[in-house]
Amino acid sequence: MKKCILQSVLILSMIVSLTQVWAQEKQLTASQILEKVDNVVNAPEDQDLKMKLILINKEGKEEMRELIMLQKGSEKRIAKFISPASQKGIAFLSLPDDIMYLYLPAFKKTRRIASHIKNTKFAGTDFTYDDMEAKRYSEKYISELLKRDESHYILQLKPKEGVKTDYSKLIMWVRADNFYPTKIEYYDRGNNLYKVMTREKIEKVGKYWISKESEMEDLKAKHKTKMILIDVKFDSELSDEIFTERYLSR
Amino acid sequence: MTHRVFLLTAIGLLLLCFSCHLLAQESEGSLVKWNGYLQTENRLQLKGDNDFSWQEYRLDLKTEVKPAEKAKFYSEIWLRSFGFPTVQNSADLLDKNKISPLNLDFREAYVDLYGFLFNNLDICIGRQRIAWGTADKLNPTDNLNPDDLEDIWDFGRHLGSDGLKASYYLKDYTFSLIYIPIFTPAVLPRGDWASALSPSMELPTGITLKNLTDTIIMPKNNLKEGSITGVKISKNFFGYDFSLSYVYGRDDLPLARKVTFTPTSTPGEVNIASELIYPRMHIAGIDMAGAIADVGVWAEAAVFFPEEVKMTTDLSALGMGIQESIALDDRPYVKYILGADYTFKNGTYINGQYLHGFIHEKGNDNLEDYFMFGLEKKFFNDKLKIIPIDGGVEIKDFKDIENNYALILSPEIAYFPVDNAELTLGIRLIDGKGTTAFGRVKDKDELYFKVKYSF
């Protein structure tokens, strides 16, 4: 009898705890969810990624680019092309406050680039410079929770006042279990669906979640770019010095 | 002989490249990497007999070796079939170099050592291009490497210089020190362009020219005469990049300091012999780059402090004595450039620059004004690039623009059929008055076609 009471108490307390957790999650506001998204996506201290970009046109013809991307925190990012040969060595540095540099090996010159370039295509891919920028969504967008189903939160993100972007809004699907964004719809200034990014092969590497395959599709151009991570390293203690003009040309 | 040396060098280089390639295949992640491109270019004159004005087949080979994290070797070589057959007699037919002129251009070869002695110090030793300035292709502060004006339309091209560059990084300051021990003159443009960039010579009334010869007086190959030194400090202030620079060097384009007139047997006809030098000068520079709203902006200025060059005109053989004048006075003069660029929402890119003082101009009274502009747009996921507007306006005298202007328009279309391949077709239209540099070659309108494949 005593054992039965103890079991009942334990089960009851477990139910209470689970209910509390569920209640807490249920109470999460859109901005809290977005904050969690930022924390998950930018969780590593730094990232050292080697990736393949496959450009696929409407006939299904493919072209490939390979690049190395290093990121520290959520504000510093450097990307360097390994292939194709015509773009080898071109490197892009993104720093806080919209400070961006492009290294052009053919001219042996690092050029400061202004923010007008942010909404143009990055090296012919369907990602813009803005998409490639290291950023925290919660700093640039106001979020609204549209829906929550069994597995996902669906958020609507609208740019905050003063934020320069070509997108009127983003609709983001966020996994409820780990707060990793799995799909983002991008709407243009006319509020038409313009691009869709989907993230697949979401795996835990060490302590962090990452998508090893993602795809950006431009619905107007009927063109898409698949991004496949070949090599992933987290927390390699990348020095701040890497994210400088000094390293851009190396 | 030259041809044989060239061939042996070419074979050696190709073998080196193939062995590098095999090495790369043998061990993944090999330290040796090589790449490059093949570029062909033909230009056809649109006026007169529609002669070809340019023929170049260029094989660019780059080698990069990173034996350690803190060291890098880099080299770039051009192997070229350049120009047209120069056969004049049957004996020339035995000389392959006259049938198909070949050319080896050793562009760069240097070693980078990062964190040398101190963690914050990088040095670069060898033949290298040191590109200073924030403007687009035309940089008044870019005075370390000699100008390579072989192709006048390839603005901003310079030769590499054999020297040492040391860069020290302290917080967000960058200090650069450059030392180039031997002076190298600029490469002058070919054909009509050489005269377009030279000051026009006025002969005394009633005198005609038969022959013009010149002698170049090169600086001595010692540290005092031949060396070039440069320093630069760079820093970002409030989101704008600034740098201050100083160069003690020489003008890399020659300047006449003595002209001797000698009469020929024909009355009123003379031969002229001139003596040219490369004036010493101090050059202080400043540049900036940043953005105002979304518009990219840049500015660059260089103050030139030249040595005074006196000009002797020896007319004694004509019974007119010797005249002294000033070829280049020692008053400082300023060349500067202001520019901006912007990309519209639809992807159209525009770029505009205002330049005071072109590459070849020197002295306060000889600096002209140039407005450069460009507009380009890419289509079909960057497969097609159209540049409907590209060119510039040269104005020699704002008070009399009608008689002192030149206009250059160069629309272009580039198609990228597959990765690494680029086909370009363009046209250059020039109009203007003979008083201006570009106006002097107004009859040289041309059509050009380029093919480039990178590997």
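Okay, let's start where the chains meet: 24 residues of chain B are in contact with 27 residues of chain A, and "in contact" here means that the C-beta atoms of the two residues, placed from the backbone, lie within 7 Å. On the chain B side, three strands, β13 (280–292), β14 (295–306) and β17 (333–343), each supply at least two residues. The top contributor on that side is β13(B), with three residues. By type, the chain B side that touches chain A splits into seven nonpolar, ten polar and seven charged residues. For that count, Ala, Val, Leu, Ile, Met, Phe, Trp, Tyr, Cys and Pro are nonpolar, Asp, Glu, Lys and Arg are charged, and the others, Gly among them, are polar.

Quick housekeeping. This is a predicted model, where local features need pLDDT of at least 70 and side-chain atom pairs count only at pLDDT 80 or more, while totals for chains, interfaces and linings use all residues. Residues are numbered from 1 along each chain as its sequence is written, and chains are lettered from A and ligands numbered from 1 in the order in which they are written.

How many helices and strands does chain A have? There are five helices and 13 strands. Of its 250 residues, 29% count as buried. The burial scale works like this: 20 or more other C-beta atoms within 10 Å of a residue's own is buried, 12 or fewer is exposed, in between is partly exposed, and the C-beta atoms are placed from the backbone. Among the contacts in chain A with a separation of 6 or more, 42% come from residues 24 or more positions apart.

Now the inside. The largest nonpolar core has 44 residues, and among those with the most contacts inside it are I33(A), V37(A), L93(A) and L155(A). A core here is a set of buried Ala, Val, Leu, Ile, Met, Phe, Trp, Tyr and Cys residues joined through C-beta atoms within 7 Å. Helix α2 (residues 30–41) of chain A gives the most to this core, with five residues. Take V37(A): setting aside neighbours within four places in sequence, V37(A) is in contact with Y137(A), V174(A), F179(A) and P181(A).

Apart from that core lies another, of 25 residues, including L149(B), W193(B), A196(B) and Y370(B). Let me stay with W193(B), which lies in helix α3 (residues 192–196) of chain B. Is W193(B) buried or exposed? W193(B) counts as buried, because 21 C-beta neighbours fall inside 10 Å. Not counting residues up to four places away in sequence, W193(B) touches I152(B) and V441(B). Another tryptophan, W78(B), is 115 residues from W193(B) in sequence and 23 Å away in space, C-alpha to C-alpha.

The peptide bond from S83(A) to P84(A) is cis, with omega near 5 degrees, and P84(A) sits in the loop between β3 (76–83) and β4 (91–95) of chain A. Then A123(A), not a glycine, has a positive phi of about 50 degrees. You'll find A123(A) in the loop between β6 (109–113) and α3 (129–132) of chain A, and A123(A) is partly exposed, with 19 other C-beta atoms within 10 Å. N191(A) also has a positive phi, near 70 degrees. N191(A) is in the loop between β10 (181–187) and β11 (193–205) of chain A, and N191(A) is exposed, with 9 other C-beta atoms within 10 Å.

Last stop, the strands of chain B. Two strands pair if DSSP finds at least two bridges between them. Strands β9 (residues 228–237) and β10 (residues 240–250) of chain B pair antiparallel over nine bridges, with I233(B) opposite L244(B). Their hairpin has two residues between the strands, and F238(B) there takes a positive phi near 50 degrees.

Methods
Helix = DSSP H or I, 4+ residues; strand = E, 2+ residues; numbered from the N terminus.
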